[in-house]
Amino acid sequence: MLVVEGLTCRFGTKSAVDNASFSVGPGSFVGVIGRSGAGKSTLLRMVNRLAEPTSGRILFDDLDVTALHGRSLRQWRARSAMIFQQFNLVGRLDVLTNVLMGRLAEIPAWRSLAQLWPEADKALAMSALEQFDMASLAAQRADQLSGGQQQRVAIARALVQQPDIILADEPIASLDPRNTKIVMDALLRINKHFGITILCNLHSLELARGYCDRLIGMSAGRVVFDGAPATLTDHIARELYDLEANEVMGGEVMGSAPSHLPDDATVPVLGTAAAA
Ligand SMILES: Nc1ncnc2c1ncn2[C@@H]1O[C@H](COP(=O)(O)OP(=O)(O)OP(=O)(O)O)[C@@H](O)[C@H]1O
């Protein structure tokens with residue numbers, strides 16, 4: 001279980017994330033939503049410790065993630081795999097080697113430098129590529145792939161880390177609609193098939209509603225909504241996204257509740273008790 005307690009990250013006088021608190025149970029697929037600049041990336045990067053919290057704590061089961069240094073921090077980064085908007089592959093290396101990079105924390109540096117990957121790791125990497133129909137491209141240079149293919153390689157790399165949680169920071173922001181669906185389906189497959197918890201920043205509300213079992217809404221660094229997608233009414237979404245609402249709501253009828261909103265749903269109130 002991931003627990004975030006009063007997490008704050010300030011850059012100068014600006015709070016990119018302001019006193020965020022929530023917990024995420026194992027096996028959840030949680031979407032972090034909100035307009036540009038709301039603090040979504042900073043929040044995810046703090047969980048992986050790519051950004052340093054100014055105050056607050058991050059716990060994962062019994063581990064105090066905020067207190068980790070050196071080797072234990074590297075181990076945590078292996079357990080919390082990041083997926084980035086720009087894929088972060090090594091373009092001149094082949095696809096299989098890029099996936100094997102996900103095993104770096106497990107093998108001595110000299111073995112990776114000499115490209116002496118254990119056979120078991122190669123088999124694991126091939127099997128991860130097979131999961132996403134990418135095995136036939138194993139020998140191809142990563143920079144010769146399409147964006148959607150590159151992101152699937154990045155997801156395979158995350159998978160071979162055998163992480164407890166995957167932190168996906170706008171993983172489909174650079175992709176066309178077809179590849180968006182392929183990549184989101186790949187994340188969903190990892191979540192359902194392997195039970196890996198996913199925390200995924202998404203600008204598109206339509207995608208977040210379609211794929212996630214819970215949404216955390218951020219505005220100006222604060223968590224202002226936390227609940228099931230069905231409880232996020234269009235009214236709350238409009239407040240969350242403001243001028244960007246029409247762009248992110250995927251053509252739903254504005255001002256009406258989503259069709260799957262149950263009659264007795266408790267609708268959290270934006271900006272008050274909504275944050276868990
Ligand atoms: N390294 C930094 N130095 C200074 N300010 C930063 C830094 N990183 C983020 N910020 C600021 O913190 C705020 C939150 O940024 P963040 O990238 O976390 O938002 P976001 O919701 O992920 O937005 P986007 O969807 O545009 O990436 C923004 O105002 C941003 O300008």
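Visitor: In which loop does L145 lie?
Guide: This is a predicted model, in which local features need pLDDT of at least 70 and side-chain atom pairs count only at pLDDT 80 or more, while totals for chains, interfaces and linings use all residues. Residues are numbered from 1 along each chain as its sequence is written. Helices (H or I, at least four residues) and strands (E, at least two) are DSSP runs, numbered from the N terminus. On this numbering, L145 lies in the loop between α5 (119-131) and α6 (147-160).

Visitor: Does L145 count as buried or exposed?
Guide: A residue is buried if 20 or more other C-beta atoms, placed from the backbone, lie within 10 Å of its own, exposed if 12 or fewer do, and partly exposed in between. Because L145 has 20 C-beta neighbours inside 10 Å, it counts as buried.

Visitor: Which residues does L145 touch, leaving out those up to four places away in sequence?
Guide: Two residues are in contact if their C-beta atoms, placed from the backbone, lie within 7 Å. With residues up to four places away set aside, the partners of L145 are L137, Q140, Q150 and V153.

Visitor: Which are the edge strands of the six-stranded sheet?
Guide: Two strands pair if DSSP finds at least two bridges between them. The sheet is open and mixed in its pairing, with the order β6-β7-β8-β3-β9-β10. The strands that pair on one side only are β6 (80-83) and β10 (222-227).

Visitor: At about what angle does helix α9 run to β10?
Guide: Axes are lines fitted to C-alpha atoms, for helices over the stretch in contact, and angles run from 0 to 180 degrees between N-to-C directions. Helix α9 (residues 234-241) lies across β3, β9 and β10, and its angle to β10 is about 160 degrees.
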